[in-house]
Amino acid sequence: MIIGEMFGIIAGILSFSAYILYIFSTIYGKTKPNRATWWILTLIGFMIASSYYASGARATMWVAISYALGPFIIAILSLKYGEGNKWEKLDKWCFIVAIISIPIWYISKSAILVLIINIFLDFIALLPTIKKSYLRPQGENKTAWTLESFASLLNIFAIEKWVFAIAFYPIYLFVINSCITVLLSIP
């Protein structure tokens with residue numbers, strides 16, 4: 001096993017560990033996940049994981065898998081413990097575009113195009129959580145987001161080929177998770 005693969009596996013374990021922290025924080029009532037965000041992130045996570053793999057990613061896949069399974073568990077928990085019963089126009093738009101990316105992939109035969117579309121949607125879907133992290137940071141789990149930031153950083157070291165299709169997603173995750181972590185750290 002090469003060093004990049006080890007970084008990828010460790011990053012995946014840390015990433016999923018962050019979801020476990022978030023899950024327990026949700027169950028114990030300390031975190032209130034936004035329902036729309038987590039259902040959208042679930043769909044987008046599965047689309048990203050599959051298109052990312054099809055684009056050639058291997059060592060960095062563990063975080064992508066975590067980003068599909070973790071949100072799915074949180075989305076289910078959000079039905080009982082979450083906030084935001086009403087889906088806003090933006091939420092519906094993100095969900096529809098994520099679904100539309102499936103036939104786009106089939107027609108275009110471009111996993112990279114679908115990866116880019118879904119990374120953009122991931123960012124849009126995270127906007128309510130980013131807003132909440134700034135306005136009501138007590139409703140998010142700072143430790144989980146910090147762990148995700150660290151896992152994302154490690155995943156950058158797992159990049160096996162520095163090509164756009166493989167490097168963009170880990171870099172994006174590091175930037176977005178670090179932004180949320182910083183917002184949660186503002187006193």
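This is a short tour of one predicted model, stop by stop. Because the model is predicted, local features need pLDDT of at least 70 and side-chain atom pairs count only at pLDDT 80 or more, while totals for chains, interfaces and linings use all residues. Residues are numbered from 1 along each chain as its sequence is written, and side-chain values use heavy atoms, with hydrogens and water left out.

**Whole chain**

Select the protein chain. It holds 7 helices and 0 strands. Helices (H or I, at least four residues) and strands (E, at least two) are DSSP runs, numbered from the N terminus. Along the sequence the pattern reads α-α-α-α-α-α-α. The radius of gyration is 16 Å, close to the 16 Å from the globule rule for 187 residues, so the chain is as compact as a globular protein of that length. That radius is taken over C-alpha atoms, and the rule is 2.2 Å times the number of residues to the power 0.38. The C-alpha atoms fill a box of roughly 40 × 35 × 25 Å along the principal axes.

Now colour by accessibility. Buried residues make up 50% of the 187. Buried means under 20% relative accessible area, exposed over 50%, partly exposed in between (1.4 Å probe, protein chains only). Among contacts (heavy atoms within 4.5 Å) between residues at least 6 apart in sequence, 81% join residues at least 24 apart.

**H2 against H3**

Select residues 35-54 for H2 and 61-81 for H3. Their axes lie 8 Å apart, at an angle of about 155°. That makes H2 roughly antiparallel to H3 (angles over 145 degrees). Axes are lines fitted to C-alpha atoms over the stretch in contact, and angles run from 0 to 180 degrees between N-to-C directions.

Show side chains here. From H2, the contact includes Trp38, Trp39, Phe46 and Tyr53. From H3, it includes Met61, Tyr67, Pro71 and Phe72. The contact residues divide into 18 nonpolar, 3 polar and 1 charged. Ala, Val, Leu, Ile, Met, Phe, Trp, Tyr, Cys and Pro count as nonpolar, Asp, Glu, Lys and Arg as charged, and the others, Gly among them, as polar.

**Ile96**

Go to helix H4 and pick Ile96. Ile96 is partly exposed, at 49% relative accessibility.

**Lys109**

Last stop: the loop between H4 (89-108) and H5 (111-135), where Lys109 lies. Most residues other than glycine have a negative phi. Lys109 has a positive phi of about 60° although it is not a glycine. Lys109 is exposed, with a relative accessible area of 64%.

Conventions: Parallel < 35°, antiparallel > 145°, perpendicular 65-115°, else oblique.
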